[in-house]
Amino acid sequence: MGDDPARLYRLDAVAHIAGVINDEPQRCIRSMRRQQGMPLDERYVPYLQMAGLYHMARLNDRWFRLDEPLVSAFVERWRPETHTFHMPFGECTITLQDVAYQLGLAVDGRYVSGCLTDFHLYIEGGRPAWVWFEELLGVVPHPSQVQKFAVNCTWFQETFGHCPEGADEDTVRRFARAYIMIWLPYVARIEEMGSYSWGSAALAWLYHCMCRVANRHVVKLAGPLQLLQSWIFWRFPRFRPAGYDTSSWPLASRWSGYSPSYSQKGPRLQSTRLEIDSSPEVLQVVHPEVLEPRHMAVWRSVTSLIYFAVVEWHQVDRVLPQFGGVQPLLRPALNIDFLMSKDGRGGDRWFPSTLPDWHIHWETRADHVLRFDVVADPGPSHAYLDWWSQHGKRFLSPDIHLGDLRGIPIPVEASQRGPG
């Protein structure tokens, strides 16, 4: 990380889009996420509730399109070494609290990990993948429908798109498994799926995809994009589309049917602010399970986020104002570059054994819950703002429009919080 531990390093050695803003001012990402395409049969609901995925599944019927120019503007401000957006006012990010609110996913629970092909060697009573597949779903796809570790989604849609009328319980259970389309060992134990932290897995995958697309040479963005889009709308009201005023659960369902209309690159986010929406209207629709103490504690835990080979870091210590606190001066960012390059390809392994320290981090998440005073006027401390003015990437714009203002010191009164 160089001689200065306070310096942020990831713009030095990688082709981050922020480093070439003058050369590519109109760069726009493209989303890879598509709607699942399988209707939600009410007969699947008991299984989805058992798996802890019911609220997420409801979003499939309330789809909205990604505002790619707007998201591109946020991608420019994403910093891989901190997993935060660098804004003019400081840092902010998508946390486990946001995952719970926006998608309705549980955040406390077991990590989602294992391996990609040889799980039968590690699971008691395990069998090779295709033996599992036929036992669970009653049919095996043609080899032409299989690509490495994955079965084509079109095959699932054509084979399990509509559960027959009058189907017996075993058939409904098979169709419900196909609808979920998550990793087979977990679907096999569908009654245990609710014990996993699907929220942390979703956030790990989004962080991973955001770090990847921040590279100037990558323009396709995958991951749970409804989470990203809805987070922007909720946290930055000035970007909300008009006419979507009714809150519902999960919160991302509010934007059902949204289809952006745009013809050019979105805003540069030079002047905006983060809002914390805790209005009675929102609290009235939040599901009580999300507010259980064990889930709420994990929101404030500095811990690992795991999704098989993907391991990311939940750095909520950098965004205390999102939880009502005052942001102090920070420790140096944790360097996990070697983890960001892992995706399971080129040597499949049982990841809890090959990456044990990071799995232990998650298992001991309760020991790393932040404790701080909640204040009436949350915001950055002056010590943080002083560091931020020197090391943060506060402004992004071609030089012809706006130069780098980091040389201008931030006055003490700028750190004063409150209605003034």
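Which residue forms a salt bridge with Asp108? I looked it up and got Arg294, with the closest N and O atoms 3.2 Å apart. My cut-off for a salt bridge is a side-chain nitrogen of Lys or Arg within 4 Å of a carboxyl oxygen of Asp or Glu.

Housekeeping: this is a predicted model, so I asked for pLDDT of at least 70 for local features and 80 or more for side-chain atom pairs, while totals for chains, interfaces and linings use all residues. Residues are numbered from 1 along each chain as its sequence is written, and side-chain values use heavy atoms, leaving out hydrogens and water.

Back to the pair. Arg294 sits in helix α13 (residues 293–299) and Asp108 in the loop between α5 (96–103) and α6 (129–137), 186 residues apart. I take helices as DSSP runs of H or I with at least four residues, numbered from the N terminus. Asp108 is buried at 14% relative accessible area, whereas Arg294 is partly exposed at 42%. Here buried means under 20%, exposed over 50%, and partly exposed in between, with a 1.4 Å probe and protein chains only.

Next entry: Glu192 pairs with Arg110, closest N and O atoms 3.8 Å apart.

I count 12 salt bridges in the structure.

Conventions. Helices (H or I, at least four residues) and strands (E, at least two) are DSSP runs, numbered from the N terminus.
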